[in-house]
Each structure stands twice: as structure tokens, then as C-alpha cells.
Amino acid sequence: MKRIYNNINLANRNSFGVVECAKTLVEFDSAEDLKEYFVEQKPAKWYVLGAGNNTLFTRSYDGVLLTPVSGRLEVLKDDGVNVDIRVEAAHDWDELVAWSVEQGLWGIENLSAIPSSVGAAPVQNIGAYGAEAKDAITVVEYFDTRTMEVVRLSNEECHFAYRESIFKQELKGCAIILAVEFRLSREAKPNLGYGDVIKEVEARGGATLANIREAICAIRGSKLPDPKVLGNAGSFFKNPIVERAMAEALLENYPEMPYYPIAGDEARVKLAAGWLIDKSGLKGYRDGSVGVHDRQALVLVNHGGATGGDVMRLAGYVCQRVKECFGVEISPEVNIL
Ligand code: EPU
């Protein structure tokens, strides 16, 4: 199945809610659909638009947007402890998390309520509350537009890192993710070390899957705007990774500054961009139809009627202020088209 739309309005296909158009949008079901389309049309410019939760359109898109529509979930293997599943790209991420919690399967519960599709999850290795998608992913299956073949990559071959993967690097512009495989577990493995998670879980009676999911949803709900109410793409910026010496110099002036070690990298640390933006005095800052969210400074919001250009202007201002105040460069996490 393949559906082709021309001159399509993208307002309902991006969580920022900016009004832009695409010349062509193709909804596809399978690798066969993609092969047929690429052989026949040879598109020179294309981009995969999943649920549109991490993309900012700054102008009308003059290429082809490719949107997966198939989202089947299949249990591949169940040995009584570990359960291997295969989920196609269009499956809603949070529905997958809800399903895993209902089934009593551990592994992705800390990633509750992240607005994403399953196919987008490995691209930027979505992460929250001390967990990342990479911790549960075993295989990513994609269509390679150079060879027109379906390729399966193991977890290691995906080169996952903080908000990074091979799909943002070497395979950028040649891979269309079809399905992701995960290994979940019936063995309880609560991961409660991040921020308020333990407190919120204990307030709900202890570390069950359902309580963890509920706690994470509550924490997220209290800080992050619902894109259905206020257009946004979650964290607009990545948390910057800086030399340890730079962090130490900043800590002399700001001993309360949050920072995080990076596994396997002693020389550098990760800072909290939200804290830097907040301390630069920009939390709740508003410039016409766009603004910095008033409960989480890492999130830029569309107060209504914003264009992608408006968001970019604000993003530039935020980067400039953080650089002036702290000498730290922050960069977008969102894909900008
Ligand atoms: N902070 C402030 N002011 C703010 C925001 C944050 O002072 O306005 C401080 C917090 O008090 C805390 C630190 O900065 O000490 C970190 O804040 P938080 O725990 O809220 O997490 P984050 O680093 O701002 C990251 C992810 C989020 C994820 C949370 C929880 C990135 C870019 N963002 O945010 O992911 O939900 O951790 O794990 O890594 C997303 O990617 O869209 C996203 C929402």
C-alpha cells in the first residue's frame, strides 16, 4: 500500500504545529513500496517524517516526505524470562511502552510518555530518566536507498550514544527505518536513580512497572507541555558536552550547577542546557508567537501561529544568551528542515 499526496499542508503532521507545505508526501507500508517508489521516481531529495515530533519545518519542503504507516507488533521469542519483539516503524512509542507495562515486561518503562514513533526512537536514541532506547534495542531494520535492500543492524552496529546513532551520521540520507526489535524482560529491573523518580515511585507504593510508568508520566506532565495544547518538539536543545576543566571553572562560580558524568569519557561531562537557559534569565521568555517554556527552559513553544522562522530566531537568541552568560555553545536536538 502506498498513498501519495501533493502540496500537502503539514500543520497536523508536526508537533510544533507550524504551517508549512510539502511538495509530495508518500505514506508507505513496506520495503516493496519504497523500492517501487525509488526505482520509478528516483527522488533527489527526501526525508522521513514519522509522527513529526522532532522536526521543525522552516520553509515549505520541496522534496518528498516519506511516512511509514505500518505499525504491527509481533512477539518473536519468549523464553519465560526474556521476550523478543519486533515492532514496525509507525507504531506509537508510548502505546508500546503501555503494552510492555501491561504485559509485565521491563526495559522501556522509564521512557513513558515520550512523543515519538517507534521508527524515530533509534535515530536519536530517545532517552529520559536514566534510560535510553538503546538499552532495549537489539536490531534495527532499514531500507537502504543506495542498494534498495533491507538491512538489519545489531545494537552495536547502530553506534548509539547520547541522542546519537549511525542514522544521524553515516547513514543519514540513505536509511529508512522499517522496524525495530527489542529485548524486554520479566525480571524486575527498576531504574530509579534519576531526579525525583524514586520519591514519586515510593509515593505510589513501590517499584512496580505500573507505578514507575505512572510516576514518570506525572513528572513529565508537570514539566513538559502537551504538544496537542502547546506546539513544541520536547527538548529543543541537546545537553552540551564540555571539557571537564570548563565545567570545573563554571562550578567555582555556580556550585549548584547540575552536571553528569559520561560513561567511558573521563575528560568530558554533560551540562544541563535547561539549567543554563534558565540561569540566563530566559525561562518563560516570550517573543511574539514563540517562547521558552515556563516550566522547562529546554523546550521552545509555539504560542499559536508561529512559523519555523520565528522558532529559529528565538533559538538563535537563546544560544547567543547562553554563550554570553556561560561561554557554552548549545545546539539543537530537533531536526531542522
Ligand atoms: N533545570 C533547570 N531549569 C530548567 C530545566 C532544567 O534548572 O528550566 C535543571 C533541573 O533542575 C535539573 C537539570 O536542569 O537539575 C536537568 O533537568 P531535567 O531533569 O528536567 O532534564 P533535562 O536535562 O532538562 C533531559 C532530556 C529530556 C528528558 C529529561 C529527563 C535532553 C536534551 N533532554 O532533560 O528529554 O525527559 O532529561 O530524563 O537530554 C526530550 O529529549 O525531548 C526530552 C524531554
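One definition before anything else: helices (H or I, at least four residues) and strands (E, at least two) are DSSP runs, numbered from the N terminus. This is a predicted model, in which local features need pLDDT of at least 70, side-chain atom pairs count only at pLDDT 80 or more, and totals for chains, interfaces and linings use all residues. Residues are numbered from 1 along each chain as its sequence is written, and side-chain values use heavy atoms, with hydrogens and water left out.

Start with proline 261. It sits in strand E15, residues 259-262. Buried or exposed? Proline 261 counts as exposed, because its relative accessibility is 69%. The cut-offs are these: buried is under 20% relative accessible area, exposed is over 50%, and partly exposed is in between, with a 1.4 Å probe and protein chains only.

Next, the domains. The assignment gives domain 1 (3-68), domain 2 (73-185) and domain 3 (231-336). Those bounds come from an automatic or database domain assignment. The C-alpha centres of domains 2 and 3 are 27 Å apart. Five residues of domain 2 are in contact with five of domain 3. Contact here means heavy atoms within 4.5 Å.

Now the ligand. Why do we say that it lies between domain 2 and domain 3? Because both domains give residues to the shell around the ligand. There are 24 residues around the ligand, and Tyr129, Tyr162, Arg163, Tyr194 and Asp278 come nearest. To count as near, a residue needs one heavy atom within 4 Å.

By class, the shell has twelve nonpolar, six polar and six charged residues. Nonpolar covers Ala, Val, Leu, Ile, Met, Phe, Trp, Tyr, Cys and Pro; charged covers Asp, Glu, Lys and Arg; the others, Gly among them, are polar.

Which elements build the shell? Strand E8 (127-128), helix H4 (209-223), strand E13 (231-235) and helix H6 (273-279) each supply at least two residues. H6 gives the most, with three.

On to the polar contacts. A polar contact is a pair of N or O atoms within 3.5 Å; within protein, one must be able to donate a hydrogen and the other to accept it, and residues adjacent in sequence count only if both atoms are side-chain atoms. Arginine 163 puts a polar side-chain atom 2.7 Å from a ligand oxygen. Aspartate 278 has a polar side-chain atom 2.8 Å from a ligand nitrogen. At alanine 297, a polar backbone atom is 2.8 Å from a ligand oxygen. Taken alone, the ligand exposes 810 Å², and the protein buries 82% of that. Those areas come from the Shrake-Rupley method with a 1.4 Å probe; for residues, only the protein chains shown count as cover.

Glutamate 164 is buried, at 19% relative accessible area. Leaving out residues up to four places away in sequence, glutamate 164 touches Val123, Gln124, Asn125, His159, Gln169 and Lys238.

Asparagine 125 is not a glycine, yet its phi is positive, about 45°. It lies in the loop between H2 and E8. Asparagine 125 is buried, at 0% relative accessible area. Histidine 159 also has a positive phi, near 50°, and is likewise a residue other than glycine. Its place is the loop between E11 and E12. Histidine 159 counts as partly exposed, at 45%.

Now helix H2, residues 93-102. Eight of its ten residues are buried, so H2 is largely enclosed by the rest of the structure. Trp93 and Trp99 are among the buried ones. The cover includes strand E6 (73-78), strand E7 (82-88), E12 and H4. Aspartate 92 caps the N-terminal end of H2, with a side-chain oxygen 3.2 Å from the backbone nitrogen of aspartate 94. After H2 comes glycine 104, with a positive phi near 75°.

Last stop, asparagine 53. This residue is in the loop between strand E3 (46-48) and strand E4 (55-56). Asparagine 53 is buried, at 19% relative accessible area. A polar atom of its side chain lies 3.5 Å from the backbone oxygen of proline 115.
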